[in-house]
Amino acid sequence: MRSTRNTPTGRAAALVLAMATLVASGAPAALAEPVRPFIVGGHDAPAAHPWMVSLQATPGEHTCGGTLIDSGVDRAVTGGEASPAVVLTAGHCAPLLTPGASIARVGSLHRTAGGTAATIAAVRAHPAYDPDRPGDDLAVVVLERAVPQRAALLSPTTPTTGTATLIAGWGRWCEDADGAAPHCRTQLPERLQQLETVVQDTGLCDWIAPTGELCTRAAADLPAMACNKDSGGPQVLPLRLGWRRVDVLVGVTSRDGDPNYAGPRPCSTRDEQGRPGYGVWTDVATHRRWLLETAGRMAPGSAARLNAGTDPGGN
């Protein structure tokens, strides 16, 4: 999740880059406060989500979140073989991933084991993405092979204000004000974390595009929100159709949306009174056409075209 700084360039810098300077260090023998959940104010996911993805710059190094989506490629196009898996993430995550070296771990409750690990074959950011302005913070990631996990459905419509959603990720769980637990800035969670959220009026978020983005806060006015390395992760609308649960992807984690970023808790709260923090997610429905057109080029040879940037632009 990118931070909203006081300058356009600073605002556009991915929060995942802020974590790149951190090095692993041993936790103190005794902590001044108990370890709290990850995603600032979140909680352990009760079970793995099949569509949840940990994108790793190098194997074992969680870099960004992602969501497994249906590429829509008919088997007739691929000679009867399953099409390569397609993952949706944030545009600002794209430069951090290297085809042939970076991997995706799909459908695991843990970021270092379980699920299906597959090498990334290609990465393509939205052609309109610009780190110095809000909007279009999306990228398509093509894996080298198919995976057995069930993909999330792409939302055909933009969720309305008040829609209850769910976010998930392996991002940072504390902020600068949490100096009593210094290890939380050098250790990411091993187990997937999630948080119940609600879509808000766009005007409540700072530095947000008038269309194509979702302003979101934690449910029940909790001081909680996605943070560093939750970037690219999912915002889903869980639905139940009879006995079957269906998860609809409505947003992709982009950045902090607090009007007042300059504080000790930039992710989870917007001010010292503890009011809930806001975050910005890229609206999937607005970009659905581009996503389907780009993901639809998953037939053999498509990875090379994606890396060359020759697939069509537009929303």
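Biologist: Glycine 277, buried or exposed?

Modeller: Glycine 277 is buried, at 0% relative accessible area. This is a predicted model, so that value is computed from predicted coordinates.

Biologist: Where is glycine 277 found?

Modeller: In the loop between strand E13 (244-256) and strand E14 (278-283).

Biologist: Back up a bit. What does the secondary structure of the chain come to?

Modeller: Five helices and 14 strands. The chain has 315 residues, and 54% of them count as buried.

Biologist: What share of the contacts is between residues 24 or more positions apart?

Modeller: 71%, taken over contacts with a separation of 6 or more.

Biologist: Now the inside. How many residues are in the largest nonpolar core?

Modeller: That core has 44 residues. Those with the most contacts inside it are Leu55, Leu68, Leu88, Val141, Leu143, Leu249 and Leu291. Another core, of 11 residues, lies apart from it and includes Ile167, Leu214, Met225 and Val250.

Biologist: Take leucine 291. Which residues is it in contact with, leaving aside neighbours within four places in sequence?

Modeller: Leu88, Leu138, Val140, Leu154 and Val284.

Biologist: Which residues of helix H4 are buried?

Modeller: H4 covers residues 288-295, and its buried residues are Trp290, Leu291, Thr294 and Ala295.

Biologist: Why say that they line one face of the helix?

Modeller: Because, looking down the axis of H4, the buried residues fall within an arc of 115 degrees. As background, an α-helix has 3.6 residues a turn, so residues three or four places apart point the same way.

Biologist: Switching to cysteines. How many disulfides does the structure hold?

Modeller: Two. Cysteine 64 and cysteine 93 form one, with their sulfur atoms 2.1 Å apart. Cysteine 205 is joined to cysteine 215 in another, also with S to S at 2.1 Å.

Biologist: Where do cysteine 64 and cysteine 93 sit?

Modeller: Cysteine 64 is in strand E3 (residues 62-69), and cysteine 93 is in the loop between strand E4 (86-89) and strand E5 (103-106). They are 29 residues apart, and the pair links distant parts of the chain. Cysteine 64 is buried at 0% relative accessible area, and cysteine 93 counts as buried at 1%.

Biologist: Is that link left-handed or right-handed?

Modeller: The link of cysteine 64 and cysteine 93 is left-handed, with -90 degrees about the S-S bond. The link of cysteine 205 and cysteine 215 is right-handed, with 80 degrees. Cysteine 205 lies in the loop between strand E10 (193-200) and strand E11 (213-218) and cysteine 215 in E11, so that pair ties together parts 10 residues apart in sequence. Both cysteine 205 and cysteine 215 are buried.

Biologist: Last topic, backbone. Which phi value does tryptophan 207 have?

Modeller: Near 50 degrees, which is positive in a residue other than glycine. Tryptophan 207 is in the loop between E10 and E11, and it counts as buried at 14% relative accessibility.

Biologist: And aspartate 136, what is its phi?

Modeller: Near 60 degrees, again a positive value in a residue other than glycine. Aspartate 136 is in the loop between strand E6 (116-125) and strand E7 (139-143). At 12% relative accessibility it counts as buried, because the cut-off is under 20%.

Conventions
Residues are numbered from 1 along each chain as its sequence is written. This is a predicted model: local features need pLDDT of at least 70, side-chain atom pairs count only at pLDDT 80 or more; totals for chains, interfaces and linings use all residues. Side-chain values use heavy atoms; hydrogens and water are left out. Helices (H or I, at least four residues) and strands (E, at least two) are DSSP runs, numbered from the N terminus. Buried means under 20% relative accessible area, exposed over 50%, partly exposed in between (1.4 Å probe, protein chains only). Contact means heavy atoms within 4.5 Å. A nonpolar core is a set of buried Ala, Val, Leu, Ile, Met, Phe, Trp, Tyr and Cys residues joined through side-chain atoms within 4.5 Å. The arc is that of the directions from the helix axis to the C-beta atoms. A disulfide is a pair of cysteine sulfur atoms within 2.5 Å.
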